[in-house]
Amino acid sequence: DKLEALCQSIAMNGDGLDGDDVSQKWNKDTPCAVIQNAGGRKDEAGGHSTAPSPVQRVWRSTLGSLVREIKHEDETRTSVSPAV
């Protein structure tokens with residue numbers, strides 16, 4: 001899925017000993033966060049609320065476990081777009 005491909009593309013898979021270019025990669029233990037719909041809001045159904053409710057989601061983890069953390073919450077999720 002897209003999220004897993006992104007994490008794998010920026011995380012270091014090798015140790016650099018077999019010619020892997022790890023100089024441009026982050027270690028899998030690197031802390032990271034994904035913010036979905038930053039600052040986004042939606043109107044409450046029924047008009048009972050005077051202010052829109054937030055829809056922003058934040059996941060905090062490491063590059064190596066971020067996908068697992070998000071999928072633990074929602075097994076069907078393959079993307080968190082739009083996200084930063």
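Read along the sequence, the protein chain follows the pattern α-β-β-β-β-α, with two helices and four strands; helices (H or I, at least four residues) and strands (E, at least two) are DSSP runs, numbered from the N terminus. This is a predicted model, in which local features need pLDDT of at least 70 and side-chain atom pairs count only at pLDDT 80 or more, while totals for chains, interfaces and linings use all residues. Residues are numbered from 1 along each chain as its sequence is written, and side-chain values use heavy atoms, with hydrogens and water left out.

**Chain totals**
- Of the 84 residues in the protein chain, 19% are buried (buried means under 20% relative accessible area, exposed over 50%, partly exposed in between; 1.4 Å probe, protein chains only).
- The protein chain exposes about 6,100 Å², and carbon and sulfur atoms supply 50% of this area (Shrake-Rupley method with a 1.4 Å probe; for residues, only the protein chains shown count as cover).
- Among contacts with a separation of 6 or more, 49% join residues 24 or more positions apart (contact means heavy atoms within 4.5 Å).

**Nonpolar core**
- The largest nonpolar core has eight residues: Leu-3, Cys-7, Val-34, Trp-59, Leu-66, Val-67, Ile-70 and Val-80 (a set of buried Ala, Val, Leu, Ile, Met, Phe, Trp, Tyr and Cys residues joined through side-chain atoms within 4.5 Å).
- Helix H1 (2–10) and helix H2 (66–73) are the elements that give two or more residues to this core, and H2 gives the most, with three residues.
- Not counting residues up to four places away in sequence, Val-80 touches Leu-3, Val-34, Gln-36, Trp-59 and Ile-70.

**Surface patch**
- Leu-6, Ile-10 and Trp-26 form a nonpolar surface patch with about 310 Å² of accessible area together (patches are made of residues with over 30% relative accessible area and no salt bridge; like charges are joined within 9 Å, nonpolar side chains (Val, Leu, Ile, Met, Phe, Trp, Tyr) within 5 Å).
- Trp-26 lies in the loop between H1 and strand S1 (31–36) and counts as exposed, at 53% relative accessibility.

**Charged residues**
- The count comes to one salt bridge (a side-chain nitrogen of Lys or Arg within 4 Å of a carboxyl oxygen of Asp or Glu).
- Glu-73 forms a salt bridge with Arg-57, with the closest N and O atoms 2.0 Å apart.
- Because Glu-73 lies in helix H2 and Arg-57 in strand S4 (residues 57–62), the pair ties together parts that are 16 residues apart in sequence.
- Glu-73 is partly exposed, with a relative accessible area of 43%; Arg-57 is also partly exposed, at 28%.
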